[in-house]
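I opened this entry to keep track of what I looked up. The notes follow the order in which I checked things.

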Amino acid sequence: DIRAQVYFDWDRDGSFTSEDAYLVSAKGTHRLAPPGQSITATSGQVAQCTVVLDNSTGRFSSMNSGGALYTYIQSGLTYHVPVTVQISVEPAGSVSATYYSVFKGVARIPTEATLTGDQLQTITFDCRGNEEIYLNKRTRTPQLDFKAYRDAGVTEGEFIADVLDAAGVAAGDIEVDDGLFAIPFAWLENESIVESLWQLAALCGGRFYCNTAGEFCYENATHWLTTSSHVTSQYTYTRAAGFGNLELVWDETELAQEVTVSYTERDIGQADVIYDSPNLQVGAGLTKTVYADFSSAVYEITALAYTAGTAGGVDLSADVTVTPTYYAQSAKLVVANASATTQANVRIKISGKPVEDGENKTIAPESVDTFWTDIIGRSRKVSAGRWVQSEGQADMLAQLMRARQDAPTLVAKLKKCPGVPTRALGDRVTIVDSELDLAATDFYVTAIAWSYSSRGGYVQDLEAVRTSDMAPHADTSPGYFVWGASKYGSSDPDRGRLFF
């Protein structure tokens with residue numbers, strides 16, 4: 001028995017309303033990276049879901065002023081209303097059902113359709129995962145936080161958790177692995193929260209995304225080597241029981257013989273003037289807000305000074321106040337002129353200790369794979385920007401990417417699989433297919449496309465990448481050294497290899 005539930009939080013109070021009775025169909029996609037890119041891409045993709053509801057009663061019509069939901073859906077008020085879709089798959093004849101979330105996010109403004117003849121009048125909600133909420137939300141790192149990060153040696157995991165917390169994400173919706181690298185100078189300056197965290201995670205060898213429960217997840221580079229759903233195969237897919245069609249693709253998208261990663265070490269400079277404003281004219285009794293942009297991030301603010309006067313040189317300092325809010329690479333300055341009759345000309349200087357860039361350096365490991373013996377090599381360059389600031393991180397990233405990209409990657413595309421609502425990104429699965437001469441081989445699931453309808457049931461299409469292409473020793477003996485499980489010693493049966 002296959003059953004589905006769909007819930008909307010129409011009034012956004014945290015209490016969801018079941019709309020199961022109106023559900024016609026639902027479908028969605030969830031992947032770790034955009035199509036055509038490997039999971040080492042420095043961008044992600046927001047989960048998508050399309051929900052089609054029966055609107056023959058006009059319940060969901062935004063122009064129906066007599067409708068029960070009119071207060072919540074009129075004039076586009078459905079924008080970013082929370083949505084949850086759950087699926088249950090139970091043996092035939094089961095009385096009870098256990099539902100699992102296959103999508104949790106927010107809706108965009110829906111499309112209403114009036115159809116003719118015997119066709120059903122429906123409304124379609126185009127939905128996005130919870131990343132959508134913060135994708136276009138920009139933020140700045142407070143200057144004191146920036147200084148504290150430097151002093152404490154913040155890791156990428158700690159920084160990601162702190163950014164999400166500051167953005168208002170509930171603690172229960174944040175799942176963050178321990179960081180692997182100290183990021184000496186970590187900050188955001190009027191930048192997209194989600195896009196920045198996608199990039200930071202990738203440049204530490206990890207992944208940042210929202211799961212089907214709507215939680216914001218950071219998985220570090222070693223996550224798939226230690227968590228049970230990635231270490232032990234969760235299911236064996238065969239042509240007889242598991243998929244309707246299988247494609248095997250040797251992916252060459254990011255194939256490279258040489259991977260170069262550039263990085264820049266940074267340090268704290270000497271105190272100096274970091275901002276000198278133009279002449280700011282503030283009318284009598286008025287307040288003006290300006291943003292002071294610094295040429296680099298600033299570790300510490302040491303002074304703020306200003307002059308205020310008339311065009312004729314009369315001092316108005318007693319009537320003018322400047323209230324600053326400092327960020328890592330800018331300041332918000334609120335300039336107030338208390339004079340009831342005179343315009344003030346204000347000049348502001350800010351001094352501080354800037355963060356100075358050192359020499360730009362490059363690490364370039366070259367493949368030794370025999371694939372390139374008779375082939376002209378390809379190169380890939382990663383300009384890591386601010387997120388890679390040490391040789392150790394740059395070297396690990398370059399070695400990791402070289403190992404994953406120095407030969408074509410085997411990708412499996414499974415179509416028309418019986419839906420498993422607990423299937424998740426990163427799950428280890430086994431695929432066997434005698435028609436393609438594929439012996440039992442383990443893969444990591446990197447994309448899930450699903451669909452539900454009362455007639456078609458619950459079906460999934462999967463994309464997966466071979467485990468040994470992501471981590472060369474994930475399936476060898478000895479495998480990777482795991483703290484608390486592996487043992488030191490070249491001859492111990494529980495020994496392990498270092499992870500890059």
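**Helix 7**

I began with helix 7, where I found Gln393, Ala394, Met396, Leu397, Ala398, Leu400, Met401, Arg402, Ala403, Arg404 and Gln405 buried. I note that the model is a predicted one. That list covers 11 of the 15 residues of helix 7, so I put the helix down as largely enclosed by the rest of the structure.

What covers these buried residues? I found that the cover includes helix 5 (193–202) and helix 8 (467–470). Strand 16 (258–268), strand 23 (344–363), strand 24 (379–383) and strand 25 (409–418) are also among the covering elements.

I then checked the length of helix 7, which runs over residues 391–405. At 1.5 Å a residue, its 15 residues should span 21 Å, and I found the end C-alpha atoms 21 Å apart, which agrees.

**The whole protein**

Next I looked up the overall figures. I have eight helices and 28 strands for the protein. The C-alpha trace spans about 90 × 75 × 45 Å along its principal axes. Of the 500 residues, 47% are buried.

I looked at contacts between residues at least 6 apart in sequence, and 72% of them join residues at least 24 apart. For the accessible surface I noted about 23400 Å², with 47% of it belonging to carbon and sulfur atoms.

I turned to Asn337, which sits in strand 22 (residues 330–337). Is Asn337 buried or exposed? Its relative accessibility is 3%, so I count it as buried, the cut-off being under 20%.

Which backbone oxygen does the side chain of Asn337 reach? I found that of Gly283, at 3.3 Å. Leaving aside neighbours within four places in sequence, I listed the contacts of Asn337 as Val282, Gly283, Ala284, Gly285, Leu286, Asp319, Val320, Thr342, Gln343 and Ala344.

Gly283 lies in the loop between strand 18 (280–282) and strand 19 (287–293). With a relative accessible area of 19%, Gly283 counts as buried, because the cut-off is under 20%. With neighbours within four places again left out, I found Gly283 in contact with Asn337 and Gln343.

Last, I took the distance from Gly283 to Leu197: they are 86 residues apart in sequence, and their C-alpha atoms are 42 Å apart in space.

Methods
Residues numbered from 1 in each chain as written. Predicted model: local features only at pLDDT ≥ 70, side-chain atom pairs only at ≥ 80, totals over all residues. Heavy atoms only, no water. Helix = DSSP H or I, 4+ residues; strand = E, 2+ residues; numbered from the N terminus. Expected span 1.5 Å × (residues − 1). Buried < 20%, exposed > 50% of the residue type's maximum accessible area, 1.4 Å probe, protein only. Contact = heavy atoms within 4.5 Å. Areas by Shrake-Rupley, 256 points an atom, 1.4 Å probe, with all protein chains shown as cover. Polar contact = N/O pair within 3.5 Å; in protein donor to acceptor, adjacent residues only side chain to side chain.
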